[in-house]
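Please consult the sequence and the model alongside the text.

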There are 2 protein chains.
Amino acid sequence: MDPSATATKDRERLTRERVIDAAITVMDSEGLDSVTMRRVAREVGVEAMSLYNHVHDKDDLLQGVCERIMASYEFPDGYDDWVDRAKAGARSWRRLLQAHPDLLRLFAEMHGPAPSSPESLRPTEFALTMFREAGLADRDVVQAFHAFGGYIQGFVMMEAGSIKERHEDAFIGAEIPEEAFPTLAAVSHHWADCDPDEQFEFGLDLMIRGLQAKVAADSTDSLAE
Amino acid sequence: MDPSATATKDRERLTRERVIDAAITVMDSEGLDSVTMRRVAREVGVEAMSLYNHVHDKDDLLQGVCERIMASYEFPDGYDDWVDRAKAGARSWRRLLQAHPDLLRLFAEMHGPAPSSPESLRPTEFALTMFREAGLADRDVVQAFHAFGGYIQGFVMMEAGSIKERHEDAFIGAEIPEEAFPTLAAVSHHWADCDPDEQFEFGLDLMIRGLQAKVAADSTDSLAE
DNA sequence: GAGGATATGCGTACGACGTAAGTGTGTCAA
DNA sequence: TTGACACACTTACGTCGTACGCATATCCTC
């Protein structure tokens, strides 16, 4: 009788949050292609059209998914050296991308503007601040951000995507004419048995080293002026 | 009368090649979402189902699109120094990705195995050979390939994708609480007016410098042994 | 309580999509 | 001429996102 004591109904009230969570669950367990309005609705025990009371359309739902995931980024702390902090931040970002393998596809497929909520901007702010503390000029901070972000996302894409499988299939299957692709044949065995983590660190080192050299060059420039 | 002289009919015969070309045309002009069997069929003046005489299914068509585009990669030549060759190759790869803005999405969305035709493997072979000539160990050749490939693809993704728009919208629109994101606010003006080419070169330099340092370190290591 | 306003879930329907299956028509070999 | 074959077309099914309208549950005002 008391309307405030019992739930509004037997079932729990649907909220935008619950819809987004369901979408993430479906995406991570069954892939982005399975994230349909009908499937997500089933996940929360509702019909497809009911979702539209909480999201404007499917793009809005996907936007919400992006923001929620971005907000789950784990910031590294406890590192004094910016190099260590940069590496930890990069690993954390990679971990997030790996935890949601279709996130990059989602980024690529979203039609509307990318999320600009405070939550999803915090990782950007963190990275920028870090590069600034490393001693880069503001202009180079932006460029370093692009370079790092690009590398990490690109690497994870190549790692998780089809590139690796292609080469496993192609190389292990040995369908390639060796004489036409001698280098490919020579190094192919490194593809399968290379530790992905190690590969990631390799590129990370490359970028850090380059950045250190840049910082050093800049400081000598400014001394020479 | 002579059967070989005239075409089989008024219209030109449909071929797999023509179908793939039409798909690329549609993709580049109207986006990947518009690449539907019906739309591609219309492009070649035919009904949708007729395409299935030349491609096994839609994935097969997209696979063909990938291979054809990969085969259009322009190899740099005339560079003696591997650094110059690496940069030229990277720029060429970026140019190809820019010429087909939805290619990366296509890579990400393809279900079947990635293309492993000789044509589409030649760029890989080229890059591997280059790194090898730079003096890297076979193991590091593979890793450098991943690092470089990752960087380029990631950069183009961030460049063409929504990231740039997001920041333009968000920064120019100044919707961000400045006190919460001080660094973001401080460097934001560099986002819009930074030359993308310059940004690309920046990251490229980072990777090259890192690689040079790696090569140098390796060679001193081997001397020390 | 009574009754209207609002919020929210459901059912139906439409035009896209990929494609399975069957039908017709042109070309060529015999 | 005739049979086989290649290939384009037609129809149809189950999926998708979602516009539209209806039903009900909750809340506000009297």
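**From one chain to the interface**

Of the 225 residues in chain A, 36% are buried; a residue counts as buried if 20 or more other C-beta atoms lie within 10 Å of its own, as exposed if 12 or fewer do, and as partly exposed in between, with C-beta atoms placed from the backbone. This is a predicted model, in which local features need pLDDT of at least 70 and side-chain atom pairs count only at pLDDT 80 or more, whereas totals for chains, interfaces and linings use all residues. Residues are numbered from 1 along each chain as its sequence is written, and chains are lettered from A and ligands numbered from 1 in the order in which they are written.

Chain A contains eleven helices and zero strands, where helices (H or I, at least four residues) and strands (E, at least two) are DSSP runs numbered from the N terminus. Among its contacts between residues at least 6 apart in sequence, 65% join residues at least 24 apart; two residues are in contact if their C-beta atoms, placed from the backbone, lie within 7 Å.

A:Tyr52 lies between helix H2 (37-43) and helix H3 (58-71) of chain A. A:Tyr52 has 15 other C-beta atoms within 10 Å and is therefore partly exposed. From A:Tyr52 to A:Ile152 the separation is 100 residues in sequence and 35 Å in space, C-alpha to C-alpha.

The contact between the chains draws 61 residues from chain A and 61 residues from chain B. On the side of chain A that touches chain B, the elements giving two or more residues include helix H5 (103-109), helix H6 (118-133) and helix H11 (196-224) of chain A. H7(A) gives the most to this side, with 16 residues. By residue class, this side of chain A comprises 32 nonpolar, 16 polar and 13 charged residues; Ala, Val, Leu, Ile, Met, Phe, Trp, Tyr, Cys and Pro count as nonpolar, Asp, Glu, Lys and Arg as charged, and the others, Gly among them, as polar.

Within chain B, helix H4 (residues 82-99) and helix H6 (residues 118-133) pack at an angle of about 155 degrees, with their axes 10 Å apart. Axes are lines fitted to C-alpha atoms, for helices over the stretch in contact, and angles run from 0 to 180 degrees between N-to-C directions. H4(B) and H6(B) are therefore roughly antiparallel, a term for angles over 145 degrees. The contact involves B:Trp82, B:Arg85, B:Ala86 and B:Gly89 of H4(B), together with B:Phe126, B:Ala127, B:Met130 and B:Glu133 of H6(B). These residues divide into five nonpolar, one polar and two charged.

Note on methods
Angles under 35 degrees count as roughly parallel, over 145 as roughly antiparallel, 65 to 115 as roughly perpendicular and the rest as oblique.
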